[in-house]
Amino acid sequence: MEFLNIDEILPNPFQPRKEFDMEQLAQLAKSIKEYGIIEPLIVRINDNDEFELIAGERRLRAAKMAGLDKVPIILKDYDDDKVAQIALIENLQRSNLNVIEEANAYQLLLHKFNLKQEEVAQKVGKSRSHIANFVRLFNLAKEVQCLLQDNKLNMGQAKPLLAIEDEKLQVKLANLIIERELSARKAEALVKKVLAGDNVIEQIEQVKEAKMYLNDVQERLKQILGTNVNIKQGKKKSRIEIEFYNDDDLARLVELLMEKQESPQMNKSRIIKDFNI
């Protein structure tokens, strides 16, 4: 083992991870300040006679944050293919990659190195079906892949969308799953409804319109009655709650309610009760 100036080490060009958790890096930097780097970085000399990182990206970044000038290294003589495989496998085994980063890593191992899914599974300690499920994510619309990469959508929520061929519909359903915070099971049920011919998107738009209508009625009642009003919509029955603060306030409200006023039509409220994912 030897030590090398930290500024002389170039990052690994085959690093699959694009984003690093700054809080975790700060914790690692704190540990490095106190105990040093226990496990040396793996480095090689590339074709340009430069020191290039093979393994230890998080330790290198944390060491820079900790203000270290030199880091312990082990020098290895690896070609590009070997470096790439090590970087990918190390990250798949040890790092919490997001879904798309993990899928990209499997894709590289499969296509760049002509490995079979069984071989990749053996190298990273996963099942073949696990590898296949992640690689299939590239059949999703690019917008949906971005939602996965940004951790707005998880694997369980996205997987049912693979059954939808229309990419625009995939995106609409993905946004709906996020908006309504649907579980993986409910996301699957939603897709089944769509495949069965239910016009779910139109129904949801109707629900939104109906809810906007009820919110508008609620605000109008507040203004008319001069007190807080809540309309609570249920599946079988609904109720209107009107607040009052004393006997005089109650008498005022009764007088207002007894006046002959045309009641607003509530037909749209039925839409909400009739629709449920």
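This report describes the sheet, a helix beside it and the nonpolar cores of a predicted model.

## The sheet

Five strands make up an open sheet with mixed pairing, ordered β1-β5-β3-β4-β2. At its edges lie β1 (2-5) and β2 (9-10), each of which pairs on one side only. Strands β3 (residues 41-45) and β5 (residues 70-75) are joined in the parallel sense over three bridges; Leu-41 has Ile-73 in β5 as its bridge partner.

Helix α2 (residues 57-65) packs on this sheet and touches β2, β3, β4 (51-55) and β5. The direction of α2 makes about 120° with that of β4.

## Helix α1

Helix α1 covers residues 22-35. Its 14 residues, at 1.5 Å a residue, should span 20 Å, and this agrees with the 20 Å between its end C-alpha atoms. Gly-36, which follows α1, has a positive phi near 80°.

Leu-25, Ala-29 and Ile-32 of α1 are buried. These residues lie on the same side of α1, because they cover an arc of only 60° around the axis. An α-helix has 3.6 residues a turn, so residues three or four places apart point the same way. The cover over the buried residues of α1 includes α2. On the face turned away from the buried side are the exposed residues Glu-23, Gln-27, Lys-30, Glu-34 and Tyr-35.

## The nonpolar cores

The largest nonpolar core contains 44 residues, and Leu-109, Leu-153 and Leu-161 have the most contacts inside it. Helix α4 (residues 99-111) gives the most to this core, with seven residues. A second, separate core has 15 residues, including Ile-32, Ala-66, Val-71 and Ile-73.

Beyond its neighbours within four places in sequence, Leu-161 is in contact with residues including Leu-140, Val-144, Leu-153 and Val-191.

Notes:
Residues numbered from 1 in each chain as written. Predicted model: local features only at pLDDT ≥ 70, side-chain atom pairs only at ≥ 80, totals over all residues. Heavy atoms only, no water. Core = buried A, V, L, I, M, F, W, Y, C linked by side-chain atoms within 4.5 Å. Buried < 20%, exposed > 50% of the residue type's maximum accessible area, 1.4 Å probe, protein only. Helix = DSSP H or I, 4+ residues; strand = E, 2+ residues; numbered from the N terminus. Contact = heavy atoms within 4.5 Å. Pairing = 2+ DSSP bridges. Axes fitted to C-alpha atoms, helices over the stretch in contact; angles between N-to-C directions. Expected span 1.5 Å × (residues − 1). Arc of directions from axis to C-beta.
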